[in-house]
Each structure stands twice: as structure tokens, then as C-alpha cells.
Amino acid sequence: MTDFAIQFDKVCKAYDDLDVLTDLDFAVRKGEVVTIMGPSGSGKTTVLRVLMTLEEIQDGVILVQDEPLNKMYKNGDLVDADKAHVRKIRSKIGMVFQNFNLFPHMTALGNCIEAPMYTKGLSKQEASEEAMKLLAMVGLADKANQYPSQLSGGQQQRVAIARSLCMHPEILLFDEPTSALDPEMVGEVLKVIRDLADSGRYTILLVTHQMGFAKEVSDRVCFIDGGKIVEENIPSEIFENPKTERLQQFLSKVLEAR
Amino acid sequence: MDWRWDFTFEVVMPRMIEAAGVTAWATVASFCLALVGGLILMLLKQHRSVWISRPTTEFIEFIRATPLLVQIFFLFFLLPDFGITLPPLTTGILAIAIYNSALCAEVYRAGFEAVPRGQWEACVALNISTYRTFRDIIIPQSLPPIIPALGNYFVAIFKETPLLSFVAVAEIMQISKLIGAEYYRFTEAVTIAGIFFLVMSLIAAFMIRQVENFVKHRIVR
Ligand SMILES: Nc1ncnc2c1ncn2[C@@H]1O[C@H](COP(=O)(O)OP(=O)(O)OP(=O)(O)O)[C@@H](O)[C@H]1O
Ligand SMILES: [Mg+2]
């Protein structure tokens with residue numbers, strides 16, 4: 001056992017002819033909060049989607065808590081893992097999407113109990129009790145019976161966070177969780193994520209353009225460009241003392257834009 | 001116009017009411033078969049093996065590209081050659097069902113594709129099984145576009161049933177032709193046939209509206 005939650009070893013991912021990740025080596029320790037930064041199209045979302053088994057990789061190995069993600073060793077060969085294995089590994093990971101992806105035909109509570117009820121075999125009441133606690137934690141206990149269309153963007157994203165927490169993941173993936181929000185709602189969502197990061201109970205992989213927030217919550221920031229990690233370091237070093245030219249350019253562009 | 005009420009009520013109506021029963025049965029039976037058949041064709045078409053998806057696609061295209069009347073004749077005259085002898089009504093129901101299965105398959109496909117990809121992805125992320133994903137997430141969301149389209153096919157099937165008169169099924173059109181030929185009087189029989197079709201169409205449209213409302217308020221909310 002290593003103390004790594006996630007390990008990428010020479011991972012390659014291409015969409016048709018477009019190479020997005022090329023020999024990506026990358027590791028996250030248990031309990032670590034890591035921010036991935038990089039220009040548009042650099043492959044940030046792809047890293048998260050590959051981990052969530054939403055995309056297949058062409059080459060390389062991904063380990064989640066030392067176990068292969070969706071490949072398995074059989075007689076020394078790496079082959080496609082069976083469904084049960086994939087489901088087991090996947091249950092350790094939760095993902096929060098840029099566009100929330102809430103189920104529009106279910107209430108906030110319904111969204112939260114759907115998966116636990118059928119994948120964990122909980123009764124509706126058990127699942128609801130737990131979900132209510134998590135909805136209260138994200139400050140939405142009073143919205144439990146509202147449908148997504150009746151909630152603001154910030155509220156929807158907080159429901160989405162509660163929904164993924166209901167499955168007790170150990171690893172949380174956030175893909176630009178505040179990019180689809182009006183500016184005045186960004187704070188409420190970041191607060192929830194900050195609480196999760198501070199709790200120390202989760203390994204967190206965060207893609208965001210909120211530099212201030214990244215600096216504040218992350219243990220480490222990875223700057224990725226062209227499908228490779230160009231520079232990684234503790235946040236203060238990344239932001240105040242960038243070493244590579246590409247990161248310097250990126251930061252100056254981002255700061256200019258503000 | 002020479003219209004005879006006694007002839008209408010004593011000869012035409014009793015036989016037309018019986019024929020209306022045949023028409024209704026042919027419509028409902030074909031529709032139900034087409035609902036199931038369409039779903040099966042859609043799933044086969046989406047199958048990951050090309051050996052299954054390709055022939056299914058070709059089959060659907062073939063069915064859609066040939067007239068229903070030709071298919072009815074085809075089944076009616078060819079099945080016996082393969083040792084399958086079915087009553088004309090059964091053959092007719094089968095032909096209409098197959099034809100509309102191919103159309104319903106498209107309706108289902110369009111309905112499922114209208115559900116955003118993010119919904120599937122959320123289900124994967126939450127580890128929801130494929131079966132639950134379909135049952136609880138995808139199907140409820142694809143019903144709003146699917147139900148009205150299927151309703152249209154229900155009415156369309158109803159209006160296709162007169163084609164069965166070509167293979168002598170005793171539905172409304174066939175009976176009105178027979179009455180006309182027997183008594184050399186077409187006015188009453190054909191008029192009553194038209195009125196029957198109109199009334200049954202209105203009833204069907206009303207039922208479809210009820211189903212749509214039910215789905216909107218109970219399932220999709
Ligand atoms: N499904 C897909 N099919 C084809 N190309 C894709 C697909 N998804 C992403 N890409 C391409 O892969 C590259 C990396 O995409 P990715 O979404 O990972 O970038 P990103 O770093 O998240 O960018 P952004 O900051 O804009 O979200 C981009 O060039 C994108 O156009
Ligand atoms: Mg992205």
C-alpha cells in the first residue's frame with residue numbers, strides 16, 4: 001500500500017486524431033487537495049473524465065488507491081476489468097460537473113436519494129435521513145422538496161455536491177464548479193468546497209479558474225498544458241514564483257483579464 | 001340524394017358496429033405490437049455488434065421505404081409458401097405492426113437522444129446501474145417528446161386499417177363496400193363508414209390527450 005489516492009502512469013488519451021493527454025504522470029496523495037490549472041483545451045476536464053470512467057484511455061495505467069481503475073491484471077496481462085471491479089472503484093469517486101447535471105424531474109431530495117437507494121440498498125427513509133443531513137450541510141435543508149428548475153444556479157450546484165456526498169466517496173472531482181454561475185453565487189459554492197477541503201476527509205481534485213480560491217485551499221497546484229504537467233508546486237510558489245515561461249505567460253494573461 | 005333511414009338502421013348499422021369492433025381491435029393490437037417491436041428494433045439498432053446493428057438498420061430502411069399495402073400483400077401471399085397460414089386479420093395486424101415498429105423505433109431513438117449526455121454521465125458518476133439509469137432517469141425524461149409522437153402513430157394506424165379490406169378483413173371499409181355491392185346502395189354504407197371513422201378518431205384523440213396529461217403531471221411533473 002502506498003499513500004497515494006490517485007496515480008497516473010504514462011497515460012495517453014486521444015479523441016480520434018487529437019492527442020489530449022500524452023504520457024501523463026501524475027499522482028495525488030490521500031487527503032491532498034490538488035488544483036489543476038491550465039489554458040482552455042489543455043486537457044483538465046479530460047483528466048477528471050478519465051478518472052470518472054467517462055472516457056477510455058488508449059495507453060498507460062491509472063491506479064486508484066493502488067488498484068487499477070478499469071483495467072485488471074490477469075496472469076500478468078492488463079485486461080479490461082469486469083463490471084463489479086469498475087463499480088467498486090467508481091464508488092470511491094464522486095464528481096461535480098460544471099453544469100450540475102441534476103435530474104430535472106426529481107426534487108433536490110430525490111436527486112440525493114436515487115443512487116444510495118438502489119446501489120447501497122438503503123430504504124427510502126434511511127437514504128432520506130442521510131440526504132437531509134447533507135442538504136443541511138450545504139445550507140439547503142429548506143429546499144429539499146424543490147425541483148432543480150426552482151433553484152438558483154448556486155443552489156443547484158450545492159445540491160449536486162450533496163448528491164455526490166451521499167455516495168460516500170473518498171475522492172472528489174470538481175470540474176470548474178463555479179464557471180456556470182452568476183458571480184454573486186460563486187461564493188456560496190466555494191464555501192461548501194472549502195469546508196470539504198478543510199474537513200480533511202476527502203482527496204480533492206479541483207479544476208478552477210478562481211486563482212484566489214485555488215491558492216487558499218490547495219496543498220498543491222498543477223499547471224498543465226498540451227496534455228502534460230508543465231509545473232507543479234505549493235500554491236505560493238506557483239503564483240508568486242513561477243519557474244517555467246509557459247506558466248509565467250499563463251498567469252500574466254489571467255491577471256490581465258481581470 | 002336518396003337516403004333511406006330504414007335501410008340505414010336495419011341493414012347498415014348492425015353490420016357496421018360489428019366491423020367497427022374489428023377495426024378497433026386491429027388498431028389496438030397493431031399499436032401495442034408496434035410499441036414493443038419499435039423498442040426492440042431501436043435496441044438492436046444501437047447494439048454494439050455491427051452484425052446486429054447493420055441488418056437492423058437496413059431492415060428499418062427497407063420497411064420505411066416500401067408501401068404498407070405492398071407489405072400486407074407480401075405477408076398475405078408469401079407466408080403460406082413458408083407453411084405459415086394465418087387468418088387474414090392476424091396477417092394484417094402483423095403487417096401494420098411491423099411497419100409501425102420501424103417508425104416507432106425512430107421515435108424512441110429521437111426521444112432518448114433528446115436527453116442530454118450530462119444525465120448519463122451523472123448516472124455513471126453516481127454508479128447507478130444501466131437498468132436504473134433507463135428506468136428512473138432516461139425514460140421519464142424522454143417521455144414528453146415520445147408520447148405525442150406515439151399518439152400520432154396510434155391515429156395513423158387507425159387510418160391505415162382500411163388497407164386491410166384489400167385482403168378481405170371484415171373491418172369498416174370492407175363491410176361498407178360489401179353492403180354497397182350486395183344492395184347496389186353505397187350512399188348509406190359509405191357515409192356511415194365515414195362517420196364511424198370520424199367518431200373513433202375523436203375518441204382516440206381524446207384518449208391520447210388524457211395519457212399526455214397523465215404523463216406530464218404524474219411522471220415528468
Ligand atoms: N468528446 C470529445 N471529442 C473530441 N474532442 C474532444 C472531446 N472532448 C474534448 N475534446 C478536445 O480535447 C481537448 C481537451 O479538452 P478538455 O475538455 O479536457 O480541455 P479543458 O482543459 O477542460 O478546457 P476548458 O478550460 O476549455 O474546459 C480540447 O482540444 C477539446 O476540444
Ligand atoms: Mg474543461
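Residues are numbered from 1 along each chain as its sequence is written, and chains are lettered from A and ligands numbered from 1 in the order in which they are written. Because the model is predicted, local features need pLDDT of at least 70 and side-chain atom pairs count only at pLDDT 80 or more, while totals for chains, interfaces and linings use all residues, and side-chain values use heavy atoms, with hydrogens and water left out.

Over all chains, the structure holds 12 aromatic pairs (rings of Phe, Tyr and Trp, the last by its six-membered ring, with centres within 6.5 Å; planes under 30 degrees apart count as stacked, over 60 as edge-to-face and the rest as tilted). One of these is the edge-to-face pair of B:F7 and B:Y183, with 5.2 Å from centre to centre and 70 degrees between the planes. The two residues are 176 residues apart, B:F7 lying in helix 1 (residues 5-45) and B:Y183 in helix 7 (residues 172-183) of chain B, where helices (H or I, at least four residues) and strands (E, at least two) are DSSP runs numbered from the N terminus. B:F7 counts as buried at 5% relative accessibility, whereas B:Y183, at 38%, counts as partly exposed (buried means under 20% relative accessible area, exposed over 50% and partly exposed in between, with a 1.4 Å probe and protein chains only).

The charged end of B:R132 sits over the ring of A:Y118, 3.5 Å from its centre, and B:R185 lies over the face of B:F7, at 5.5 Å from the ring centre.

Rolling a probe the size of a water molecule over the atoms shows where empty space is left. On a 1 Å grid over the protein atoms alone, a cavity is a set of points where a 1.4 Å probe fits but cannot get out, a pocket is an open set with protein on both sides within 12 Å along at least five of seven lines, and lining residues have an atom within 4 Å of a point; grid points are joined across faces, edges and corners, and a volume is the space filled by probe spheres set on the points. The largest pocket contains about 1100 Å³ of space and is lined by 28 residues, with helix 5 of chain B giving the most, 5 residues. The largest cavity holds about 50 Å³, and helix 5 of chain A gives the most to its lining, with 3 residues.

A:P169, in the loop between helix 5 (153-165) and strand 9 (171-175) of chain A, is buried, with a relative accessible area of 5%. A:P169 and A:M95 are 74 residues apart in sequence and 9.1 Å apart in space, C-alpha to C-alpha.

Methods
Lys NZ or Arg CZ within 6 Å of the ring centre and 35° of its normal.
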